[in-house]
Amino acid sequence: MYVVPTPPERSDSGSNGDLRVYQTWKGSNIFFLQGRFVFGPDVRSLALTICLIAIPVTAFCIFVARKLMDDFSDNWGVSIVAVAVVFTIYDIILLLLTSGRDPGIIPRNAHPPEPEPLDGNMDAGAGQTPQLRLPRIKEVEFNGAIFKVKYCDTCMLYRPPRCSHCSICNNCVEKFDHHCPWVGQCIGLRNYRFFFMFVFSTTLLCIYVFAFCWVYIRRIMESEHTTIWKAMFKTPASIVLIIYTFIAMWFVGGLTAFHLYLISTNQTTYENFRYRYDRRSNPHNKGVVNNFKETFYSAIPSSKNDFRAMVHREPPLPPRSVPGGFMSPNMGKANDDIEMGRKAVWADMGSAMSEHGEAKNSNNERLHVRDGELGELSPEARTTVDDQQSDRPGRRSSWGRKSGSWDMSPEVMALAARVVEQNQNGGGSSSGTGLVTENRPT
């Protein structure tokens, strides 16, 4: 009996194993150190930002602060270099705290919320999905005020007040401020404090470098009794740093002033650009002092996402098995063998006995045909029939084909006629042996 071989086992056994949340995350975030740090999709800009901070400070320490060490006594010159290095390290740490942490991502729902009854319209069509019956906007009460919250089709949830969906990170973020390309991360509830401290520290660092570059030029003027233009030509590195920090101060300094205004009024950049509180009072405004306390002294809420948690996958149901070791989801049905692309074992045996057509022998070969042995033809006859079938694909022999034609081949009819003639003669023959002898050319 033919036995279907067992399919080979899959080598990727870990594909059905347990994965962590960051490995199945549907947002656009990039994770490092197995989910301990979460960045935005534009994390490469973080390296550029670090270079824009570290390279000018390094040039300042080499070409300016090192020269000032000899001009200041009592270790004041050493402190100039130390302050620049420590301030730079502190600034980069704030940058990493802003960029490498969860800004306040709200976890997605696996399924949309239950649809609510629509007023006066409950006769929805059968083909209408439940999502289409969800209201796009709901009114909720927060801090004694009524807010309209929108439904997010991507995260399948109603966004809380002050929450918005970032199209770059593809996440809903609590108290969404903006997506900063310089830090490569969204700015939200959990990292806004560090973002402001980073911008403010960068402003102070620019002022520090800018000021001591002018101090060094002033020292050259006093020591050599020359004009300011000649002193500037003697230290081109100071001129480059002055121009660079002056431009940077306008950028980060202006950003610091703008966010000081937002903190004092308890707004976000997104809310301010959308002009949400121009014609009505801001329900989040608690006064300048309380607004600053809320930003810098309130506890940072814990993340709603455990990126290193295990996601347990349910194993698939095993298919039913049959003897022979072959397993298929279609097992147990009446047409299993047909769907597997092969005939049943007994069908193979029946077709092998039925698909015979022509007996082919040598000139002196004797063919013995007895009663009831018409189907026991030689292998050569079976080969001849198979060759005939291969010339006509899709057709079977006259015994068992589905075309509806029952015409026998001439060879089989000749053999049957000789058997009938033998039976009529009482089994006799010209040789008296009771056998039928046929001489046929090969």
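## The chain at a glance

Of the 442 residues in this chain, 34% are buried. Keep in mind as you look around that this is a predicted model. The chain holds 11 helices and 11 strands. If you take the contacts with a separation of 6 or more, 60% of them come from residues 24 or more positions apart.

## Helix H1 and its bend

Let's start with helix H1, which covers residues 44–71. H1 has 28 residues, and at 1.5 Å a residue they should span 40 Å; the end C-alpha atoms sit 41 Å apart, so the two values agree. Still, H1 has a bend of about 40 degrees, and you'll find it at Cys61.

Which residues of H1 are buried? They are Ser45, Leu46, Thr49, Ile53, Pro56, Val57, Phe60, Cys61, Val64, Ala65 and Leu68. The residue at the bend, Cys61, is on that buried list too. Now for a handy bit of background: an α-helix has 3.6 residues a turn, so residues three or four places apart point the same way. As for what covers the buried residues of H1, strand S3 (37–39), helix H2 (76–99), H3 and H5 are included.

Thr49 has a relative accessibility of 6%, under the 20% cut-off, and that's why it counts as buried. Beyond its neighbours within four places in sequence, Thr49 touches Leu95, Trp182 and Phe198.

## Where H3 meets H7

Next, hop over to helix H3 (residues 192–224) and helix H7 (residues 288–296), whose axes come within 8 Å and cross at roughly 100 degrees. That angle falls between 65 and 115 degrees, so H3 and H7 are roughly perpendicular to each other. Who does the touching? On the H3 side there are Tyr192, Arg193, Phe196 and Met197, and on the H7 side Glu294, Thr295 and Phe296. Sorted by class, this contact is made of four nonpolar, one polar and two charged residues.

## Helix H5 and what follows

Helix H5 runs over residues 236–265, which makes 30 residues. From its first C-alpha to its last, H5 reaches 44 Å, close to the 44 Å expected at 1.5 Å a residue. There's a kink in H5 as well, about 25 degrees and centred on Met249.

Just after H5 comes Asn266, in the loop that leads from H5 to helix H6 (269–273). Asn266 isn't a glycine, yet its phi is positive, at about 55 degrees. Is Asn266 buried or exposed? At 4% relative accessibility, Asn266 counts as buried.

You'll find Lys175 in the loop between strand S8 (171–173) and strand S9 (178–180). Its relative accessible area is 22%, which makes Lys175 partly exposed.

Finally, have a look at Ser164, which belongs to strand S7 (residues 164–166). Ser164 is buried, with a relative accessibility of 7%. Which residues does Ser164 contact, leaving aside its neighbours within four places in sequence? The answer is Arg159, Asn171, Cys172, Val173, Phe176 and Tyr270. Among these partners, Asn171, Cys172 and Val173 fall within the residue range of S8 (171–173).

Conventions
Residues numbered from 1 in each chain as written. Predicted model: local features only at pLDDT ≥ 70, side-chain atom pairs only at ≥ 80, totals over all residues. Heavy atoms only, no water. Helix = DSSP H or I, 4+ residues; strand = E, 2+ residues; numbered from the N terminus. Buried < 20%, exposed > 50% of the residue type's maximum accessible area, 1.4 Å probe, protein only. Contact = heavy atoms within 4.5 Å. Axes fitted to C-alpha atoms, helices over the stretch in contact; angles between N-to-C directions. Parallel < 35°, antiparallel > 145°, perpendicular 65-115°, else oblique. Nonpolar A, V, L, I, M, F, W, Y, C, P; charged D, E, K, R; others polar. Expected span 1.5 Å × (residues − 1). Bend = angle between axes of the 7 residues up to and from the residue.
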